[in-house]
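Me: I am new to this structure. Please take me through one part of it closely.

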Amino acid sequence: MASAAVDRPFGLLAELTYGCPLHCPYCSNPLDLAAYADELTTAEWLRVLAEARALGVLQLHLSGGEPLLRRDLTEIVRSASELGLYTNLITSALGLTPRRAGQLRAAGLDHVQISVQADEPALSDRLAGTPSFARKLAAARLVKELGWPLTLNVVLHRHNVDRVGRVLALAEELGADRIELAHTQYYGWALRNRAGLLPSRAQLESAEAVVRAARARLEGRMEVIYVLPDYHGRYPKPCMGGWGRRQLTVIPNGEVLPCPTAHTLPLPRASVREHSLAWIWECSPVFQRFRGTDWMPDPCRSCPRREVDFGGCRCQAFALTGDAARTDPVCHLSPDHGIVAAAVQAADEAAQSPAAVLTPRPNPSRRARPQSSGRAAHRA
Amino acid sequence: MPSTPHVQTGDGAARPHLARHVRLRFDPARQRHVLLTPEAVSVLNGTGAAILGLCDGTRTVSEIAAELHGRYARVDDDEVRLFLDRLAARRCLEVDQGEARRG
């Protein structure tokens, strides 16, 4: 049970597999996808869910990769639902057939979020790296027919941000209850493709005006969530609401992380194959490392916002400076802010030039592991 | 961007109920009621949980307030209405006007 010093987590992000039929260049999955192919079994996931519920988790976000690639998804949803968890499926919708959707509905799935890459097939399919737009629309209609609330997820970047008005019109036509317009977060494949994805300031200003107008027009009918691009902000995002404070992530091979990209950090690993979720949450070095404010250097240490944004994102600090304990360089007070300012300036200048070539994320092979096999051979 | 909440619970005859994607549950780990939505968890105090427990689509806002008066010594009707309006603005509550829903 959680000690008084450590809050209980509210949400568990379950990244069931890194396999995915899409090849989006803005994907934040790891670059070394093959290293995570030894996926947890059904029995292991069910144990993790029960432990998460006992620890205080109330929301389960099922994601990946593409969670529908797991043939045991319905069983996982049923178990979560029986435990009283709010279940949220975050999907490309490829594989969401009427039969599969009906099974998930019956198993108690509460909410579905479907990604679309753009408002029209040619661009959406080009960004996804596979013909998928028509199937996504069919799945979105199916979600509505089955009586689920529908959220559309759209990741924004230089190639689709100018079309945000048309994306909103598509969401309206589909009868979406919510739309999340989230600017690309630069991790994994997205960081590798940053020069080709980061929008210019002029693009952002136009998009924000469109979103403001749409929000006013759609109020009471559709919730419009707009996640600002942190590269263009003055302060960093309060990543995960603070390290090891509200959320935890279990990745396909059973490692537990404070956020889905923390596998990039040089920290000791913690796995549900070796420890209980409660121990990992409360005591493991990876969760303790950046919890609270004691680890902070200046300017965070003396900043009045230290418990507002928690120093920003540790993974971004590490990716951009090589030191996970530095202030997130997107903060204008960071001594490393020049790194971000240079990228933003380059994006403004690149608006005039031909688009950079984007590297699509590959689809890794997955290892099917028999239910009966014991502890996995673990990654060093 | 903050938006002004619509007054959706109207004149007291409205019958609020939880939106279909919203769940009201008791959390044994925290010993509190919680309101669950796709992206948020709201931990409720006793009064909040009592109000939402009465939002069943059959009781009107006035009936909910009356029932609370029977349970608690001090109930501020305006606060009850504000609480419901805030949740309606967040689309956690839906409001039927007129006839009560069956079932």
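Which pattern does chain B follow, read along the sequence?

Reply: Read along the sequence, chain B runs β-β-β-β-α-α-α-β. That gives three helices and five strands. Helices (H or I, at least four residues) and strands (E, at least two) are DSSP runs, numbered from the N terminus.

A word on the basis. This is a predicted model, where local features need pLDDT of at least 70, side-chain atom pairs count only at pLDDT 80 or more, and totals for chains, interfaces and linings use all residues. Residues are numbered from 1 along each chain as its sequence is written, chains are lettered from A and ligands numbered from 1 in the order in which they are written, and side-chain values use heavy atoms, with hydrogens and water left out.

Now confidence. pLDDT is the predictor's confidence in each residue, from 0 to 100. Chain B averages 83, and 83% of its residues score at least 70. Strand 3 (residues 32–36) of chain B has the highest mean, at 95. Strand 5 (residues 93–96) of chain B has the lowest, at 85. Residues 1–7 of chain B stay under 50. For that stretch the model has ten contacts (heavy atoms within 4.5 Å) beyond four places in sequence.

Next, the packing. Take the contacts in chain B between residues at least 6 apart in sequence: 60% join residues at least 24 apart.
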